[in-house]
Every structure is written in structure tokens, then in C-alpha cells.
Amino acid sequence: MAGAGDRTGAGRPRGWAGKLAQWAGLLALSGAATLGLAWIGLPAAWLIGPMIGAIAFGVGGASIRVPPSGFTMAQAIIGCLVAHAVTSSILLSIARNWPLMLGTVGLTVMVSGIVGWLFVRYGSLPGTTAAWGVSPGAASAMVAMAGQHGADARLVAVMQYLRVVLVVLSASLVTHALTAGPQGPVPAAAPVETLDPAGLAATLLVALVGGWIGHRFRIPSGALLVPMVLGALVQTGAGISLQLPHMLLTVTYTVIGWSIGLRFTREVLGHAFRAVPQMLLSTALMIALCSLSAWMLVTLLPTDPLTAFLATSPGGLDSVVVIALGTGVDLPLVLALQTLRLFVVVLCGPPLARLIARYA
């Protein structure tokens, strides 16, 4: 008995030591990748660097994972960041241009339906799994809803988060190409000049309460959307300006990047290895077709190409916001279209997946 107890007691520190070593290695690799990307001026380097490091560790067999509560809190902080940047401007932008915006969102959903039909028709994945996997946006919500509707949630997760990674990388490269000039890239906007303790306390309270409400009532992307609404109400109603210091945002971007990257484990990728080329092709096709929506926005609405590209990009709302905030784009238009598409996708996801699986 004593020997068994000794082995248990000796094994526990080794387990904790192993996890601490993995976190330390992930932090070091993420820091190196982030500094390298920031040095070349790539937007959202503080998000992409940790994501690249986490993908390498996840595929390499790392056992560490970001707790769900950490990812929820990070999304809630991004929601507060959105509320700090814009409030009623989003609703005003939707109200003024709702026919064009609804048409653009409808075109994006139709594009995902076409890509999903092609995937099911000529691919190797089951119908409902492929249909859920190509739904644009709301990756975490699509993974959860797919499992509830009988699809393979593991394959849906691979398809969704592979698309998020590729969209983030492509959006960052496009942003770098369109903003880099003789003076270099557009510098990232500083959220706050001087720290206000009351504003910081209000931000953390809004993030905690809003994130809990979104998670507790299972609102699709509620961890981001509920704090965004609450933060806007606090700023306009209570007159308190939300405060988001750089250190808080750096930790938030890192947690989101790690949460996405560590999902790419060797087992999950091995399970979907045969379909990875099809996933890459479908994601590239979706990005290309969504670029047509961006071109339509530029021609019909007085906006710039970068704003249109980010507004129609089929990635996650939180990652697109991170990229958009570091540039000089029309942020209300980007958020309006991304938020509107999020609700449309969540509502249309189940019937569209069933329709594709039935007729493909």
C-alpha cells in the first residue's frame, strides 16, 4: 500500500511538471511567432502568433487545453472591446443600408450552401457533417449544434476551425497588402490612453456577467454578443467608459489563439486526414466566392475594398474584430455585416444542413 501511495504521490508532480513545461514551451513559441509576425507588420500578430504556436503543440501531441471558462472570458472581453469602439453606430449602419446588407449576407449563406452541396456530392464526408462544416461563421455554435443534429462533431470542428485559421491568415495578408505603404502599415489603435480603475472594473464586471449569461442560456456566440450589448448600455446609460489596457487585450488575444490552435490535435486531424485536401479546397472556394460579395459592396456602397473584404470574410466574429481594430476600416459596417450574418447563419444552419444532406 505504501508503495502504491508513493507511486501516486510521485506521479502527480511529474504530471504537473509536464503540463507546466508544455505551457512554458507554448508561451515561448507563441512569443517568438508573435514577435516575428509583428516585426514584418502583419495585422493581428498577437492573435495569429499564439494560434500558430498552439497548432504546432496540438498536432505535436500536447495534452494541455485552455479551460472553457477562459475562452468564454476572452470572448467576453472582445465583446467589451467592440462595445468600447462602437455602440449605436452598428444599428444605424444596418438601418440605413439594410437591403444591401441583407442581400450580401444572403449571398454569403448561398455561397456556403453551394460549397456544402459540392462537398457532399463529390467529397468523402457524410452529408450532414459536411453541410455543418461549411457553415460560415459562429464556429463554436456550429460545432455544438452539429452534434445535437447527428453530425460528427469532431469533423465539423476540424472543418470550422481550419476555415477560421485560413480566413484569419488570408485576412491578415490582405490587410497587410492594402494598408502597407511608403510609411508602413497602419498602426494599431490604442484602446485607452490613461487607465481609469472604475472603467476597468466596469469592463471586467460586464465581461463576467455577460459571458455567464451567454454561456448559461446557451445563446449562440452569446459570450461575445451579450457583453457587447451590455457594454454599449453601460457606456450610453451609465456614462462609464469601458477601459481595456494593452496587457488585458494581449492576454485575451493569446487565449483565443490558443483555444483555436489546440483544437488541432493529431487524433482529430488523423481522423479527418483523407478529407483535409477537400477541406482546404472548400475553404479557398468559399473565401474566393465571398470576395465577390465584397466586390458587390464596393460597387454599390461607398466603402473601401478592405472594409468590404473584412465585412464579408467567412471567419469568426471575434477574430475578424481583432484584425479590423488594427486598421483604418469602417468598423461599424464590418461589425454590422458580421453580426447580421451570425444571426442568419444560426437561424438558417439546421434547415440548410438538412436540405444539403437530402438533395446532394
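Leaving out residues up to four places away in sequence, Ser293 touches Thr104, Leu107, Thr108 and Thr312 in this predicted model. Ser293 itself lies in helix 12, which covers residues 276–300, and with a relative accessibility of 0% this serine counts as buried. One of the partners of Ser293, Thr312, deserves a description of its own. Thr312 is found in helix 13, made up of residues 305–312, and the side chain of Thr312 reaches the backbone oxygen of Ala308 at 2.9 Å. When neighbours within four places in sequence are left aside, Thr312 is in contact with Thr104, Cys290, Ser293, Ala294, Leu297, Gln338 and Arg341.

Is Thr312 buried or exposed? Thr312 is buried, because its relative accessibility is 2% and the limit for that word is under 20%.

**The chain as a whole**

The secondary structure of the chain comes to 15 helices and zero strands. Of its 360 residues, 50% count as buried. Among contacts with a separation of 6 or more, 78% are accounted for by residues 24 or more positions apart. The accessible surface of the chain comes to about 16500 Å², and 70% of this surface belongs to carbon and sulfur atoms.

**The nonpolar core**

The largest nonpolar core has 101 residues, of which Ile78, Leu125, Trp132, Ile260, Met279 and Leu310 touch the most other members. Helix 15, which spans residues 331–359, gives the largest share of this core, namely 13 residues.

**The surface**

Which residues form the nonpolar patch on the surface? The patch is formed by Met110, Ile114, Trp117, Leu118, Tyr122, Leu285, Leu355 and Tyr359, which together have about 820 Å² of accessible area. Helix 4, residues 88–122, and helix 15 each supply at least two residues of the patch, and helix 4 gives the most, with five residues. Tyr359, a member of the patch, lies in helix 15.

Arg218 is placed in the loop between helix 8 (197–216) and helix 9 (222–238), and the phi angle of Arg218 is near 55°, a positive value in a residue other than glycine. Arg154, by contrast, has its place in helix 7, residues 153–179. Not counting residues up to four places away in sequence, Arg154 touches Val268 and His271. Arg154 and Arg263 are 109 residues apart in sequence, while their C-alpha atoms are 9.7 Å apart in space.

The relative accessible areas of the residues discussed above are set out here.

| Residue | Relative accessible area | Class |
|---|---|---|
| Ser293 | 0% | buried |
| Thr312 | 2% | buried |
| Arg154 | 47% | partly exposed |
| Tyr359 | 54% | exposed |
| Arg218 | 73% | exposed |

Why is Arg154 called partly exposed? The relative accessible area of Arg154 is 47%, and this value falls between the limits of under 20% for buried and over 50% for exposed, so the class in between applies. Tyr359, with 54%, is exposed because the limit for that class is over 50%.

Notes
Residues are numbered from 1 along each chain as its sequence is written. This is a predicted model: local features need pLDDT of at least 70, side-chain atom pairs count only at pLDDT 80 or more; totals for chains, interfaces and linings use all residues. Side-chain values use heavy atoms; hydrogens and water are left out. A nonpolar core is a set of buried Ala, Val, Leu, Ile, Met, Phe, Trp, Tyr and Cys residues joined through side-chain atoms within 4.5 Å. Buried means under 20% relative accessible area, exposed over 50%, partly exposed in between (1.4 Å probe, protein chains only). Helices (H or I, at least four residues) and strands (E, at least two) are DSSP runs, numbered from the N terminus. Patches are made of residues with over 30% relative accessible area and no salt bridge: like charges are joined within 9 Å, nonpolar side chains (Val, Leu, Ile, Met, Phe, Trp, Tyr) within 5 Å. Accessible areas come from the Shrake-Rupley method with a 1.4 Å probe; for residues, only the protein chains shown count as cover. A salt bridge is a side-chain nitrogen of Lys or Arg within 4 Å of a carboxyl oxygen of Asp or Glu. A polar contact is a pair of N or O atoms within 3.5 Å; within protein, one must be able to donate a hydrogen and the other to accept it, and residues adjacent in sequence count only if both atoms are side-chain atoms. Contact means heavy atoms within 4.5 Å.
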